[in-house]
Amino acid sequence: MTQMQQDRPKDRPWLFRTYAGHSTASASNELYRGNLAKGQTGLSVAFDLPTQTGYDSDHELARGEVGKVGVPVCHMGDMRALFDQIPLEQMNTSMTINATAPWLLSLYIATAEEQGADVSKLQGTVQNDLIKEYLSRGTYICPPKPSLRMITDVAAYTRANLPKWNPMNVCSYHLQEAGATPEEELAFALATATAVLDDLKGKVSAEDFPGMVGRISFFVNAGIRFVTELCKMRAFVELWDEICQERYGVEDPKMRRFRYGVQVNSLGLTEQQPENNVYRILLETLAVTLSKNARARAVQLPAWNEALGLPRPWDQQWSLRMQQILAYETDLLEYGDLFDGNPVVTKKVDALKEGARAELAQIDSMGGAVGAIAYMKNRLVESNATRIGNIESGDTIVVGVNKWLTGEESPLTSGEDAIMVADPKAEADQIKRLNDWKSNRDNAAAKTALAALREAAKSGDNVMPPSIACAKAGVTTGEWADVVRAVFGQFRAPTGVSANRSNRTEGLDDIRARVDAVSDKLGRRLKFLVGKPGLDGHSNGAEQIAARARDCGMDISYEGIRLTPDEIVTAVQQDEAHVVGLSILSGSHLPLIRDVISKLDAAGLGHVPVVAGGIIPEDDAAQLREMGVARVYTPKDFELNRIMDDIVDLVDSKDIAAQ
């Protein structure tokens, strides 16, 4: 080791996290304690969709979704079980929660107090970014303005009571997964941060405001083009410093730091040759660790097999070991920034900043991020269509997907236990414990606490103190959210998919001719209804299917996310749809699609063909076909034109005009 290396202290590594949670609070607690014992240094909690969208596990919309994509937390008892034997005062906890962020943070605070923790020492973050939920993830509840108000309520409360807590994690991760270009990811995330800070100005004193700016953190995505991604992170650092200084007058450089955590790109994980994902994850990790001046504060890596289903503890351990080897076995943390002064990096960073500034100016001209939601959504859908089109055409090469398809069968994916399956009994168990909780609590205390929450929401008072009181009184997630829905209303975000034909017709002439021919035979335009039953808000696939069907000349019906089976069947009746496409990525495809098909049969619509798409194991696909699903598509079916041909074939073969 050189004298320079000896004189310079080695940097501390970033926080090692694994995004985890499933089935029940007790099962997730066992997983957390196991990961901490293996060297994980921070927790990253995944909540299930009912918890994220403010429903108890026994709600109609929660059916089939309980414990699927995360852990169900309905009340204080669940939160207590989730962190059993985990001292929260010593932990750094990230909770990926948005619409119900005030509530989950309240439960966390109440649990910490019950443990005897000094709440002022709590460290971690709630994501608390509703704008990206309207654009890409879909777990919003209320309209933008009251949602923004609750975000800044959380921020103001943590400033006064949890000074080490990050009240908002501006999340560009899902923007990239929804198709954002690097420039769009930069601009849309920074516009979200400024919308929050602008709203926060009147809620904290001028003296405290710079410190509040310093508590805003970010959660980003790192894709496979790791040179571009590295430069993107450096652009984030420089643009955020510029905004903090020029827009908000923050003088302390420490308060202008771009502090971010990262999960590398799950969108790029392939179902085909999934072992290749290990290399993808490593390369994407380098994008956010190599440059010291733009290094992530926390990193959580997906497992190599997440495109196939729920990863096992061993799979998560493999990703954790990747971080540990990089941090402790290499000499990465012994040097300063490797890229300062590099002309190639400087040129790329400057170009990204220029593009982002142009987008920011456009968003500002529309009144900021809240006023530009529809604009940003449209941009994401178009950018995603371009990305998918490039993979279809081969302009973008994805190894094992559109090139070098021949390979050996992976021994890692064989055997009954290759993929972990959520406990099918977990939902019933969760509902029983929820009913027991309600039976044993003080209902009068719960009603009093909910009344105080309702009054605070109406009056404009900060919702955090009454929410914490609700947590301690035994209120449930659904009850808390019902008050919020009653006071602030619900919202349906724009889909980004216009029913009007677009100019994106390259390579579609043959399919358009087939659609015209079948439409002539039907006596009207082929009608394709795309529906998303249940609570799954991952709408990217549904949007792209709807957009491509539109461009192929079909008459499309797509109302967005979070529809009940009854609503879908009613839409099929009203629209006289010729074919129905159901998109579900949460793992709840079997019960939800079974419901839709049975309700179609009951309504006399059993002749309408149904196709389904999602992360669907082959055994489940076989069951869906037995139910009567005509086609099942998974992420490996990336050629959308083939899907369009299938849809035309289905309608043509059914000869529905004769029905």
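Here is a short chat about how the labels on this predicted model were assigned.

User: What should I know before reading the values?

Analyst: This is a predicted model, where local features need pLDDT of at least 70, side-chain atom pairs count only at pLDDT 80 or more, and totals for chains, interfaces and linings use all residues. Residues are numbered from 1 along each chain as its sequence is written, and side-chain values use heavy atoms, with hydrogens and water left out.

User: How do you know that the chain agrees with a compact globule?

Analyst: The rule is 2.2 Å times the number of residues to the power 0.38, with the radius of gyration taken over C-alpha atoms. For 659 residues a compact globule would come out near 26 Å, and the chain has 25 Å, so the two agree. Along the principal axes, the C-alpha atoms fill a box of roughly 80 × 65 × 55 Å.

User: Why is Arg256 called buried?

Analyst: Buried means under 20% relative accessible area, exposed means over 50%, and partly exposed is in between (1.4 Å probe, protein chains only). Arg256 has 9%, so Arg256 counts as buried. Of the 659 residues in the chain, 59% get that label.

User: Where does Arg256 sit, and what does Arg256 touch?

Analyst: Arg256 is in the loop between α11 (226-246) and β9 (260-264); helices (H or I, at least four residues) and strands (E, at least two) are DSSP runs, numbered from the N terminus. With contact meaning heavy atoms within 4.5 Å, and leaving out residues up to four places away in sequence, Arg256 touches Trp240, Asp241, Cys244, Gln245, Val250 and Glu251.

User: What makes a nonpolar core, and which residues have the most contacts inside the largest one?

Analyst: A core is a set of buried Ala, Val, Leu, Ile, Met, Phe, Trp, Tyr and Cys residues joined through side-chain atoms within 4.5 Å. The largest has 171 residues, and Phe218 and Trp240 have the most contacts inside it. Helix α9 (residues 182-200) gives the most to this core, 11 residues. Apart from it lies another core of 25 residues, including Leu529 and Ala612.

User: Why is Leu412 called partly exposed?

Analyst: Leu412 has a relative accessible area of 31%, so Leu412 lands in the partly exposed class. Leu412 is found in the loop between α15 (373-393) and α16 (426-440).
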